[in-house]
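Here is a short tour of a protein model and its ligand. Keep the viewer open as you read.

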Amino acid sequence: MSSKSHELGLKENPNPNSINNVKKQTFDLGKGSEVVYIPRFLGFDESWKWFNYLNKEIPWTRPSIRVFGRSCIQPRDTCYVASEGLPELRYSGYQPHAYSWEDYPPLKQILAAVHEMLPGSNFNSLLLNRYKGGSDYVAWHADDEKLYGSTPEIASVSFGCDREFLLKRKPSKSLTVQATKAKDEEQPARKRVKKSDNDDQHSFTLKHGSLLVMRGYTQRDWLHSVPKRARADAVRINLTFRRVL
Ligand SMILES: O=C(O)CCC(=O)C(=O)O
Ligand SMILES: [Fe+2]
């Protein structure tokens, strides 16, 4: 254990007793996409220690990114940590500097807890986000960069202010609106696809100390976002662990 994590009073294994009997909610999104939500992945008090460490020690930046050809400031703070020798990450025209796990030893402890919770996982990179208040957000996107492969598992740990996390199914590429409508009208009424059916959207309130996992074809077939929320007035820190192939 590093002297730094000793100073913080952080344990080597963040929550050994609850690893195997935590409440785990699994959501089958259909067609090979799945989300798992574990509200109390890490203990409450311990999670505030992680929060304080991350808020203070991580070299947060708010880079310029490109969205639809326009340059803008990313509406949240960010940092990137990755194992050595991996291909570089690039998103929205921005290539973050890859810090080393050795620079922030407590991150390795959180990574170990995630690995223990998700047998078979082997994450080697981490994107950190800090939302300073309700006007910080992440727009609709999928983490479908090629370097993660076709069915990436992404493990997302949240600290601090509760925020809503939304998922919506990507519009189908093969059927235009017109084609969908025409096809729909060919069907007898009882067989028509009801567009009001709500299995195309899901919402989770990501709690302090929670873990949310997206896997299978979730990045190919779904978009996710953390929208602005006027009443969310406190800081939230989110860590997304990923495996670069
Ligand atoms: O903050 C979150 O919960 C999600 C962050 C996210 O989607 C991302 O970094 O790609
Ligand atoms: Fe994402």
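## The model and its confidence

This is a predicted model, in which local features need pLDDT of at least 70, side-chain atom pairs count only at pLDDT 80 or more, and totals for chains, interfaces and linings use all residues. Residues are numbered from 1 along each chain as its sequence is written, while chains are lettered from A and ligands numbered from 1 in the order in which they are written.

The average pLDDT (the predictor's confidence in each residue, from 0 to 100) is 87, and 82% of the residues score at least 70. Over residues 1–7 the pLDDT is below 50. It also stays under 50 over residues 176–187. For the complex, the predictor gives an ipTM of 0.99 and a pTM of 0.85.

Of its 245 residues, 26% are buried. A residue is buried if 20 or more other C-beta atoms, placed from the backbone, lie within 10 Å of its own, exposed if 12 or fewer, and partly exposed in between.

Beyond four places in sequence, Val 157 touches Phe 41, Ile 110, Val 114, Leu 211 and Leu 239, where contact means C-beta atoms, placed from the backbone, within 7 Å.

## Around ligand 1

The residues around ligand 1 (C-beta atom, placed from the backbone, within 6 Å of it) include Asn 129, Asp 143, His 224 and Asn 238. Strand 6 (125–131), strand 12 (222–226) and strand 13 (236–242) each supply at least two residues of this shell.

## Sites from the record

An unreviewed UniProt entry lists Phe 68, Gly 69, Arg 70 and Asp 144 under "binding site"; positions follow the numbering used here, feature names are shortened, and annotations may be inferred rather than shown by experiment.

Gly 69 sits in the loop between strand 3 (64–67) and strand 4 (70–73), and counts as exposed because it has 6 C-beta neighbours inside 10 Å. Asp 144 is in the loop between strand 7 (138–141) and strand 8 (154–160). With 17 such neighbours inside 10 Å, Asp 144 counts as partly exposed. Leaving aside neighbours within four places in sequence, Asp 144 contacts Gln 219 and Arg 220.

Terms used: Contact = placed C-beta atoms within 7 Å. Helix = DSSP H or I, 4+ residues; strand = E, 2+ residues; numbered from the N terminus.
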